[in-house]
Protein chains: 2
Amino acid sequence: MKNLCKHLGLAALATGFLLTGCKPKGTGDAVSGDAAERVYVKPGEHDEFYNFVSGGFNGQLNIYGLPSGRLLKVVPVFSQNPENGYGYSEETKPMLETSHGFIPWGDLHHVELSQTNSEVDGRWIFCNENNTPRVARVDLKTFKTAEIIELPNSAGNHSSPFITGNTEYVVAGTRFSIPFDDENGDIPLDSYRQNFKGAISFIGVDPKTGAMDIDFQIQLPGIDFDLSHAGKGPSKDWFFFSCYNSEKANTLLEVNASQNDKDFLMAINWRKAAELAKAGKGRKVKTKYAHNVWDEETHTGKSEIREEVTMLSIEDLKGSIYFMPCPKSPHGCDVDPTGEYIIGSGKLAALIPVFSFTKIQKAIEKNDVIGDYDGVPVLKYESVLHGEVEKPGLGPLHTEFDAHGNAYTSMFLSSEVVKWNIKDLKVLDRQPTYYATGHLMTIMGDTAKPIGKYLVAYNKITKDRYLPTGPELTQSAQLFDISGDKMQLLLDFPTFGEPHYAQAAPADLIKKDQPKFYDIAKNNHPYVARGEKDTKVVREGNKVHVYLTTVRSHLAPDNIEGIKVGDEVLFHVTNIEQDWDIPHGFAVKGARNQAELLIMPGETVTYKWNPERVGIFPMYCTDFCSALHQEMQGYIRVSPAGSNPELKWSLNNKN
Amino acid sequence: MKNLCKHLGLAALATGFLLTGCKPKGTGDAVSGDAAERVYVKPGEHDEFYNFVSGGFNGQLNIYGLPSGRLLKVVPVFSQNPENGYGYSEETKPMLETSHGFIPWGDLHHVELSQTNSEVDGRWIFCNENNTPRVARVDLKTFKTAEIIELPNSAGNHSSPFITGNTEYVVAGTRFSIPFDDENGDIPLDSYRQNFKGAISFIGVDPKTGAMDIDFQIQLPGIDFDLSHAGKGPSKDWFFFSCYNSEKANTLLEVNASQNDKDFLMAINWRKAAELAKAGKGRKVKTKYAHNVWDEETHTGKSEIREEVTMLSIEDLKGSIYFMPCPKSPHGCDVDPTGEYIIGSGKLAALIPVFSFTKIQKAIEKNDVIGDYDGVPVLKYESVLHGEVEKPGLGPLHTEFDAHGNAYTSMFLSSEVVKWNIKDLKVLDRQPTYYATGHLMTIMGDTAKPIGKYLVAYNKITKDRYLPTGPELTQSAQLFDISGDKMQLLLDFPTFGEPHYAQAAPADLIKKDQPKFYDIAKNNHPYVARGEKDTKVVREGNKVHVYLTTVRSHLAPDNIEGIKVGDEVLFHVTNIEQDWDIPHGFAVKGARNQAELLIMPGETVTYKWNPERVGIFPMYCTDFCSALHQEMQGYIRVSPAGSNPELKWSLNNKN
């Protein structure tokens, strides 16, 4: 603890150098002797679990198999993906529209699998974007981004996308408070305390389709909201959020937001809030935010701008919103499987506080408050505390659970995972991690029915753990077996982007309803060619629509003439295969601002090309599709601007 | 063989469905009993080999550890990389410039490690781009793209980037013949035979710096060049290329380019060609191509357009260029470690022809030709043949070697790897692969000193091998131990993008000279701030330069005012850390057309932001850097266009 105190000294904070996590001493017998066998998935066999891992600064959702740690797929969500044309094709570009215009990148921090009765139901996974606040829903049938909604009156959407137990709501909270959109004028930064506000968004989710809609927001003090979790069981109507910067600093936060001994956990009765919003409480705030929806029938995204949200106030929520003091600059805000215990992880704290929902309710009943913070009543710490885990390690960040009443907390500064008993708060085991663990996860570890079995620690520092790759290194995860009394390290595996929160679920729950390809009969893309007979080239002014098909192993048409410099050529490429794992790709030499397309069987995708030079331009299939893939090519002739060439297209010299 | 014949029937070809590779029957004892132990790399220990794997349609270079199959790094080369800002930052955008303008994507097919005396020297790795023809050089100290050169008079740069034994030249050959740039006017496609030409480029490489320059090109018939390899030992002055479409078809190539029983391997005496070019032979062809170079001192790329190349003709090369008949539509063109044997892999052939360099020389001496093809003398097949491997399997694609005189050929159609003896041409072993293997590699398997030990097969079809992820599946590699008489399958591991060719080298050869960070004293970026004292905000008309630093855990400055709507704000972010594995990230809410930056210690990178809305915009560090990373944030105030706000910047209220 002395070390931590030293860390917390202002001098140390001002330089910050001591706060990157220590190299743990001695690995002991952390690695199990038969670890190799236990993580090996024999060729042809499948992993037991899907591990859905946030990509952090890559903006995508990365999916691994466990226990092997193999990267099965990167689902593009908030960032352009040159690999398959996401964010480059005409159909997918709308998915990255915002009220600010097209943004090619996002910072995907957390993921949350949809739930029914606080258990994973395998339908969707939600992802948050931290920079230009957004929440996405990924469909777990197609593993595609189905919907993205922007969050107005927010910045740094960090305490997101956590959900209520029947996926009624996804929440999203401001990490960086800002003036609200209807007041976001030319405001001096030194008026932070007067003008900057926090907001929490409650995004309603349609129980059948998953469609998202901002039901209401809550206006809150101008502090920073960090993480959150909904209650379960007895606490299922409540949502809990961690907050830091109760100092309301707007500069050098590492010092100025680290002054108070305690910040807060916030408790909100979300069901009550929803009722109030439904009853017409709250003011309407003018704003602009994008709502982007993917249509599986047209294989096309559509972006719309919305202009108003309902904003509830603290006053509106009287009796349904409370702060609880929580040491110090809390990060994780985690609810145990029973729903009785809420754990705050103060990243600068020397202990872990565990709050009791029963005690919270009693304190509310008795109005056991120590005052208010900007109108939010602050419950008395001692009255709502179940107890404190003492000497847990340095820099507790995040806690998950197993099926046996145990909690597992990541320790950023002391680089370890610590296992402790939720009821008696005794530390049971600790294992070093390499290095500086941020989030961790256990299998379904934030639900009412954790499986436990494995724990994965997502580490921030990797130096010396893998073959070096110059100054830029991979991030890393570590897999532990937690089925026994002691945690056993099994595997280090590199991770893509920068993982923050992750979740995992049994394979059977996820893989049951996946299509192997898209039914071309149901393809209602406006420019679909359902067979080669439908292929054609149509000029509309300077726009040229090419209805093109791909099938092993030719493009139809594969000779096109009559295009001119200055045209906008739209290749609507339909993959007319109807078989599993037979995508085709498409690209044209020299196409500016365009990445290739990968077109799945039955799908239509559009490639935009503005020819700027007279000459011959090859096009080809970019995905090795058959022994004659190399032969899957064609040519486009581009004639001068102002010329009047005949529009011609053919395959094997036939139209 | 009957199956293959059926495959080759025109009906089958026309539909193409039979050509995607079969599911092999029976895996036998392919998986070794102790495979788990043999691929497991204990946490904290390092892999034995770096595996440099082409990313194919992701456009990047993917680096894996072997034997674990873990993805250590994706080096962005030809595609934008939202994860670290490559292709989005002002410094890296020039690297993706071409004569067509900025192109955000490339199709990276093959890699080749630099060599000295036909052995891997660990300095650079070259990568080709297949769509808009380019060759890149990646520096193996920094694992960064150091240089990209565009290839004029070319399309579909496939037979690239193979090198001569002392890295004197990197070659690049046209896959899709086109009219040359000085004749690429408004040309009808049905004039293919008259107007379309092939070209091979010889890119000179500076032996000290690695700097590339197109030394000369060779004008060739309008056919398709596929793969290539330089000779070694006795054949070291020669380069060999595979060619298909000797039919010169320009439509439905799967049928029309599959007519001839034999296409060609081409042999060129590159040393002689270089002498001729040096002596002033060849014509100058006007063209435009980009040459992009990364400067490690300014951390900045620069793109220049060049306007002329030297073009040698077949006539110029008399006595130094020959065709050798090769069955049928050859893909791989591989030279054994001794340099005596050249293997063509006719992807529609029912055998593997092995040519003898000694016999080729004798045939040339005796002018043992059967005629010419567009002026290129065609040597007599029987005169240059060492022999044929009989019944090797279906669809041979690519061959590599071990240290014991054995060759390993991938069979796309019959989905297997076949081991055979180079001298006696006997098949020694075959193992099934899953499925449809394209390229394969053995450790340093195309050099004069292969290590062998492991073979990796890169497969095109993955269905059912991993947990499914909707219609879009991962690609896959399979690791075999080839140290014994029989190949043993050890591991399936998913791969990123679509691997084509790959190479591997021992870790010690690569990791020796890597910097852990960039020396900030040597940072000569024009907008560097080498410490917080150098931070400032400077207005130049509507351009605002922000000299900003990052260090654990604050941005300096972190409060900025005086920016206006309509400004172009350039954040020049210098990471002033000087320690290993402490990158910082940078992003601003709502920034259009911009991905985050990842800035390595000692580096300066520029983020462009065009504010379009009055208000407050947070910025923050996007890479979790310390326990107080969440506090590493700041605010920018944007005032209305036409207003005259004072330019102010501060950290903790101090300038």
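In this predicted model, the buried residues of helix 6 of chain B pack against strand 10 (169-173), strand 11 (198-205), strand 12 (212-220), strand 14 (238-244), strand 15 (262-269) and strand 17 (300-312) of chain B, where contact means heavy atoms within 4.5 Å. Helices (H or I, at least four residues) and strands (E, at least two) are DSSP runs, numbered from the N terminus. Helix 6 spans residues 270-278, and its buried residues (under 20% relative accessible area, 1.4 Å probe, protein chains only) are W270(B), A273(B), A274(B), L276(B) and A277(B). They cover an arc of only 160 degrees around the axis, which puts them on the same side of the helix; the arc is taken from the directions from the helix axis to the C-beta atoms. Just after helix 6, G280(B) takes a positive phi of about 95 degrees.

The contact takes 167 residues from chain B and 167 residues from chain A. Between the chains there are 6 salt bridges (a side-chain nitrogen of Lys or Arg within 4 Å of a carboxyl oxygen of Asp or Glu).

Residues are numbered from 1 along each chain as its sequence is written, and chains are lettered from A in the order in which they are written. Local features need pLDDT of at least 70, side-chain atom pairs count only at pLDDT 80 or more, totals for chains, interfaces and linings use all residues, and side-chain values use heavy atoms, with hydrogens and water left out.

Definitions and conventions: Buried means under 20% relative accessible area, exposed over 50%, partly exposed in between (1.4 Å probe, protein chains only).
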